[in-house]
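Please walk me through this model in the viewer, one selection at a time, and tell me what is to be found at each stop.

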Amino acid sequence: MEPVLAKLLAASLITPFLTFWILVLWGPKIGKPRAGWVGLIGGMGVPLALSAVVFVTWFFTSPEQRAELTAAAQHSQVLWAQLGRFDVTFGVKLDSLTVAMHFMVCFIAFWIFFFSIGYMSGHADCVHHQSKYWRFFAYLALFAFSMLGLVISPSLLFLFIFWELVGLCSYLLIGFYFETDYAPPAAMKAFITNRVGDFGFIIGLGIVFTFLGTLDLEGAAAAFKTQLATSTGLFAPQVTVPIFGWTFSGMTLATLMGVGLFCGAMGKSAQFPLHVWLPDAMAGPTPVSALIHAATMVAAGVYLVARVFRLLTPDAQMFIAVIGCITLTFMALIAIVQTDIKKCLAYSTLSQLGYMIFGMGVGAWTAALFHLITHAFFKAMLFLGSGQVIEGCHHVQDMRRMGGLRTKMPVTCWTFFVGVLAIAGFGIPGVHLGHWKFGLGGFFSKDEILAVAYDRAYNWGRFGAPSEGHAEAGANGEARPANKEKHADGGTRSAESAAGGRGVRLAAFSSGSSEEVQHSAAGTPAQKAAGSEKDAHGAEGGEHHASEKDGVASGIQALPKWMFWFAILTAYVTPFYMFRAWWLTFMGHPRDHHVHEHAHESKMMTTPLVVLAVGTLVSSYFLFRPMLSHAAEAAADAPLVVAVDGEAHEPAAALLSLDHTPERDPHKKLVGLVGFAFLIGFAVSWAIYRNGLDVASRIKAIPPFNLLHTLLERKYYFDELYDFLWVRGCRAVAAVCAFIDTWVIDLVYNLLSGVTERIAAFSGRVLDAQGVDGFVNGISETANDLAEVLRKPQTGGIRKYVLWSVGLATAAIAALIVVMRVNGG
Amino acid sequence: MLTIGLTHYLIVSAVLFCAGVFTMATKRNAIGILIGVELVLNSANVNLVAFDRYRAGLMDGQIAALFVIVLAAAEAALAVAICMNFYKNLVTVDVDQGDVLRG
Amino acid sequence: MSLQVGILWLCVTALPALAHEEAASGVGTGVVYAVPGGWFEAVMFYVFAGTAVLSAIGVCVSRSVVRMATWLFFALGAISVLYFLLAATFIAAIQLIVYVGGVLILLIFGVMLTSQSPWVRFTPSRLNLAVAGLICVGLLVCLSSILLEADFGAPLSTTPGVTVEAIGRRMLTHYLVPFEIAGVLLMIVMVGAAHLARQEKQ
């Protein structure tokens, strides 16, 4: 069984790739409905089957065996190329995260492919009398190949390659309707914005490669850890960047590396300054929006951050948290005023991606990825629902013209509502049957992110905020625990944990401020000395490890409180706008009878909706969360930052748990804060939009709201700002360049050309015409005369040439013989 | 006379050569001229192989002969193609008709 | 008719090759041929040298191109036997394959494709014939006089075994560059011939 799982994952890349080429080469011959089925079976059916095998096997594999399999996959990488001392290896990353992501991508993509067959067949897609139907599925197959490749890449290099490939697919599919006037600019916007992010990504990769010496994820993480422990490489007191000669002190460069890598995620996951492309990307066909721009590709940014989590520094992590927080809040606000159903969902996606990034930023590694997966299910479903609506209403996307569609498309209506409940965090807080709680999707994943954020913002004091003394005492400005002290009280602590559990211990820990001071005074040598002791105390290894994480946590600043409150605010906004979208589309009275009369739904498209609705229900529970939790053990074991498990009371050694003291338990706090946010959001939304848009338009007219509405409707003027800064800026620079060109360079050129002209006139009339021409003409005339003579024997008769040459040769030989006879006798 | 030596072969070669040259010089048919060329090339080959056999013995002559054969084959292919073109343009294979340098 | 003669004659050509194989068989792999000689070789030489010379003269005197090609066929075949006698078995085989099998067929194709009527003949002028004959006979006389008088020294006592393998090795080591150039040349010829023979599209 050992290599089989990794090979199955690798094999899942083959058929999408082949399908891509088959469709590219013979697409038009395969024909309109069949190309879709080819795309479905080859592009996603086979990978889904393989993925399901892997997923089920992995699900029933014990953690020890999983670790062995991961190591085996890591070791069976293939050497692809050797560039100096740099080995380019390719293989398969086989761990719980990959397996979960792979299965999620395959499952969702399969149903979206399925949906596409129905969706695209209804489209007039002929350009210049050629159908583009097969092209759509070719692109989808290429996307499937790239996305699966991205998920299984064991090294940042291949991750980057597939990263760019998915970007290409995104570009191609956004611009699928290239005959329109809105799709090509949207595609270009997406592509260029992503390039901005990728620029940072490449800088990050460059730093990883230069200082950590490898692009392999495991290797880089190991090198990071070693360099941190020995204060070399990236963590030397003075780091000089080769070629550029810039020097950085302490951890600046490591932070830059983290931020650089995150820049890639910012582009792909459309985070705050680079978020502008995602709403425009809705120009693509709706299944594409569901697959690429909601469920999978945009989540790749989060996946990247999860993968490089071990390379982050506290500052970089804080940067991520800030960006995520800004995105999640401000994009959610924009969604309130959107009237286009797809745009509304797009901003909702932005906001949810913000949640995931924010989750990564606060250390809720598991929760962020869990949210990624639950979000993928329900957002794919929501988008497909909107696709069904758009298709059913003959390409009307404006919610103002919809309403009352529930009678015409009941399946879409109720599956959409399941999605709305899931994204709104529907659940009954505080009620549970054993471990089984009652809720949907976001109720678990978002709640966990918020819980960790709360813990970071309010309970973090238990680890002690870093003081000034820290920065000076620690070799690189990061704090280390005084392990000796820990060992000294190790006995008591284990006794404590045996007696009162972890919560008590942590509470005691956080109250003991004198202990903190002692911790913070410790330096690197103490750590090293403790390292050798660690083996001696092997029996309490796990406990020891956890305390090490406590030490790391004490070096990380608490989260600013406003960030937590922003996230809470969004928890109220999200139900509001999602309910609004659902109500305006499906409920109330039809506002446009023409649209309403023609509305219909089709089996081909409702099947995926139902399947994904079931998937949303199931994915909320037992499938993914434990697997991600397991993945976190290795993938979130960062030396400088900590991941917090928001659920388990006794998480894996690499993770911290929440503060479960009764009066500080984040989950209990959240019940009061946002437990019923979805109800309030729904209620407010229902109150306003119950009878269509009249109330809303009246609110819009009231002075403070009208300005706000305009601000939101213009998306905070970001497009205008970018237009002003970059487009106009470029034009201004170009204008200056043109001015310089006209008045400086041209002047010089004109001067030079004038002089040249004079010289040319002189040399032409005098030197050339008389001197050179005379000479050349003389030669040519001579040649001409000579030719007149020489052409006489050139009769063109081949036989004459033969006779002449042989005759002359014979004569020469004969003469030679005669001469030799005469001379030699 | 019973011991066949180098000279025997060289004489044969000389006769072949002269016959080839005569063919080239007297035949007006382009293919005929080509046949003459083949004879000349063969006479050269006989020379090469004979010298190799009796004097050098290092098979260099044989390899040279091989190259000659290759070149002759190439030449024949090209020459026949040229003949075709000639025929296509002038509707004859009489080389005496083709004495103008015009495309 | 000529085909049957050709087949019969090819059977005869196989004999000297067998004779050499016999001579070689006792020596083993590092083939060293016995000094050629003896009446068998002399008879073979005279028969086939005569065939070659007579056929060449036949080529000279034929008027019809088809006949010329037939005579050339005999001449080339006889020359290949001479190669056998010269212990150059590989060259002889190549001579048969390339010349008799390839070039000649090509020439016959050329004849067929370019003939206007079945037996068109272009007769040369008498003056032409006379001059050409004079020159060729003169050349032959000159060459013969030199050859007959020339002293080529003693022939090699033995002939190193020239096997196909040895030729191949030498061809791909010492003569690698000419070999490659010949390959390129053949490709160019192929392209060129195709280009020349191509039907011009209107």
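Begin by selecting the residues of the two chains that touch each other in this predicted model: the contact draws 11 residues from chain B and eight residues from chain A. Between them, chain B and chain A bury about 730 Å², of which 65% lies on carbon and sulfur atoms. To see where chain B contributes, pick out B:Val21, B:Ala25 and B:Asp99, which lose the most area to chain A and together account for 49% of what that side buries.

Next, colour helix H1 (residues 6-26) of chain B, which supplies four residues, the largest share of the side of chain B that touches chain A.

Now turn to the aromatic rings, which form 56 aromatic pairs over all chains. Select A:Trp37 and A:Phe114 and view the rings together: the pair is edge-to-face, with 6.2 Å centre to centre and 85 degrees between the planes. Because A:Trp37 belongs to helix H3 (residues 32-59) of chain A and A:Phe114 to helix H5 (residues 96-121) of chain A, the pair ties together parts that lie 77 residues apart in sequence. With a surface displayed, compare the two partners: A:Trp37 is partly exposed, at a relative accessible area of 38%, whereas A:Phe114 is buried, at 15%.

Move on to A:Trp80 and A:Phe158, an aromatic pair that is tilted, with 5.4 Å centre to centre and 50 degrees between the planes. This pair also links distant parts of the chain, since A:Trp80 sits in strand S1 (residues 78-83) of chain A and A:Phe158 in helix H7 (residues 156-174) of chain A, 78 residues apart. Here A:Trp80 is exposed, with a relative accessible area of 59%, and A:Phe158 is buried, with a relative accessible area of 8%.

For the last stop, which residues of chain A form one aromatic cluster? Select A:Trp414, A:Phe417, A:Phe426, A:Phe579, A:Trp582, A:Trp583, A:Phe678, A:Phe682 and A:Trp686, and show their side chains together, as these residues make up that cluster.

Note on methods: Residues are numbered from 1 along each chain as its sequence is written. Chains are lettered from A and ligands numbered from 1 in the order in which they are written. This is a predicted model: local features need pLDDT of at least 70, side-chain atom pairs count only at pLDDT 80 or more; totals for chains, interfaces and linings use all residues. Side-chain values use heavy atoms; hydrogens and water are left out. Contact means heavy atoms within 4.5 Å. Buried area is the accessible area (1.4 Å probe) that two parts lose on being put together, summed over both. Helices (H or I, at least four residues) and strands (E, at least two) are DSSP runs, numbered from the N terminus. Rings of Phe, Tyr and Trp (its six-membered ring) pair if their centres lie within 6.5 Å; planes under 30 degrees apart count as stacked, over 60 as edge-to-face and the rest as tilted. Buried means under 20% relative accessible area, exposed over 50%, partly exposed in between (1.4 Å probe, protein chains only).
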